[in-house]
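These are my notebook entries on one protein chain, written while I went through its sequence and its model side by side. I kept each entry to what I looked up.

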Amino acid sequence: MTALSVKVDGVKYSDDVEPRMLLVQYLREKLGKVGTVIGCDTSNCGACTVHLDGKSVKSCSVLAVQADGGEVTTVEGLAKGNELHPVQKAFHQCHALQCGYCTPGMIMQSISLLSENANPTEHEIREGLEGNLCRCTGYQNIVAAVQSAAGEMSGKSLASAGAAPTDETGTLR
Ligand code: FES
Ligand code: FES
């Protein structure tokens, strides 16, 4: 076993873990952070995306011990009390999910994308999310949500951000 000390969603944890334990297993099985999901276990789908020291990583391709001394943020650490992160809000408002399985990873990757490019084009959003797969193929609304969040985070309205809002059924208006 190897000693691991890591901050996750603002809380410090110290544990002894097997050196082969993946970060996603540590988050889910040791800490109960089941908001981070496993879609493929082979670094293809992006469902397990979290932030490690401010950068998005696929937590199925990182060993837990590699996070030693670091800081991890999962989708469960984004909201401030009852206040959702703007990207979470935008996914909700734009109905950017169907089954929701890809959503935690999509949101974490979208935040990472917007931290590097505050005003991405549609093409840049699609490129930035290319490592995240949605098996429900709801990409149109996911892109709209990222555009909406970009507008919101830079103080522009949904309409001026060029987003495509949807009605409650998820149909683009
Ligand atoms: S579960 Fe990590 S990329 Fe699919
Ligand atoms: S909403 Fe179902 S996999 Fe993306």
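Does C99 count as buried or exposed? I looked this up in what is a predicted model, and C99 counts as exposed because it has 10 C-beta neighbours inside 10 Å, where 12 or fewer is the cut-off for that class. I found C99 in the loop between α2 and α3. I also noted that C99 and G138 are 39 residues apart in sequence, while their C-alpha atoms lie 9.6 Å apart in space.

Entry on the whole chain. I counted five helices and five strands in the protein chain, and reading along the sequence I wrote down the pattern β-β-α-β-β-β-α-α-α-α. Of its 173 residues, 40% count as buried. Among the contacts with a separation of 6 or more, I found that 57% come from residues 24 or more positions apart.

Entry on L27. Leaving out residues up to four places away in sequence, I listed V8, K33, T36, S59 and T74 as what L27 touches. For one of these, S59, I looked up the spacing as well: S59 and L27 are 32 residues apart along the chain, and their C-alpha atoms are separated by 8.9 Å.

Entry on the loop between α1 and β3. D41 counts as partly exposed because it has 15 C-beta neighbours inside 10 Å. S43 lies in the loop between α1 and β3 too, and its phi, near 60°, is likewise positive in a residue other than glycine. With 14 C-beta neighbours inside 10 Å, S43 counts as partly exposed.

Entry on α3. I took α3 as residues 103-116 and found that its 14 residues reach 20 Å from the first C-alpha to the last, close to the 20 Å expected at 1.5 Å a residue. Eleven of the 14 residues are buried, so α3 is largely enclosed by the rest of the structure. The buried residues are T103, P104, G105, M106, I107, M108, Q109, S110, I111, L113 and L114, and what covers them includes β3 (49-52), β4 (55-58), α2, α4 and α5.

Entry on α5. How far apart are the end C-alpha atoms of α5? I found them 21 Å apart, which agrees with the 21 Å that its 15 residues should span at 1.5 Å a residue. Eleven of the 15 residues of α5 are buried, so this helix is largely enclosed by the rest of the structure. I listed the buried residues as N141, I142, V143, A144, A145, V146, Q147, S148, A149, A150 and G151, and they pack against α2, α3 and α4 (122-128). Just after α5, G155 takes a positive phi of about 85°.

Entry on α2 against α5. Helix α2 (residues 86-93) and helix α5 (residues 139-153) pack at an angle of about 135°, with their axes 8 Å apart. That angle makes α2 oblique to α5, and α2 passes α5 in a right-handed crossing. From α2 I noted P86, V87, A90, F91 and Q93, which meet A145, S148, A149, E152 and M153 in α5. By class, this contact has seven nonpolar, two polar and one charged residues.

Entry on α2 against α3. I recorded an angle of about 130° for the packing of α2 and α3, with their axes 9 Å apart. That angle makes α2 oblique to α3, and α2 passes α3 in a right-handed crossing. The contact is made by V87, Q88 and F91 of α2 together with T103, I107, S110 and I111 of α3. Sorted by class, the contact of α2 with α3 has four nonpolar, three polar and no charged residues.

Key: Residues are numbered from 1 along each chain as its sequence is written. Chains are lettered from A and ligands numbered from 1 in the order in which they are written. This is a predicted model: local features need pLDDT of at least 70, side-chain atom pairs count only at pLDDT 80 or more; totals for chains, interfaces and linings use all residues. Axes are lines fitted to C-alpha atoms, for helices over the stretch in contact, and angles run from 0 to 180 degrees between N-to-C directions. Helices (H or I, at least four residues) and strands (E, at least two) are DSSP runs, numbered from the N terminus. Angles under 35 degrees count as roughly parallel, over 145 as roughly antiparallel, 65 to 115 as roughly perpendicular and the rest as oblique. A crossing is left-handed if the near helix is turned anticlockwise from the far one by less than a right angle, and right-handed if clockwise. Two residues are in contact if their C-beta atoms, placed from the backbone, lie within 7 Å. Ala, Val, Leu, Ile, Met, Phe, Trp, Tyr, Cys and Pro count as nonpolar, Asp, Glu, Lys and Arg as charged, and the others, Gly among them, as polar. The expected span of a helix is 1.5 Å times one less than its number of residues. A residue is buried if 20 or more other C-beta atoms lie within 10 Å of its own, exposed if 12 or fewer, and partly exposed in between; C-beta atoms are placed from the backbone.
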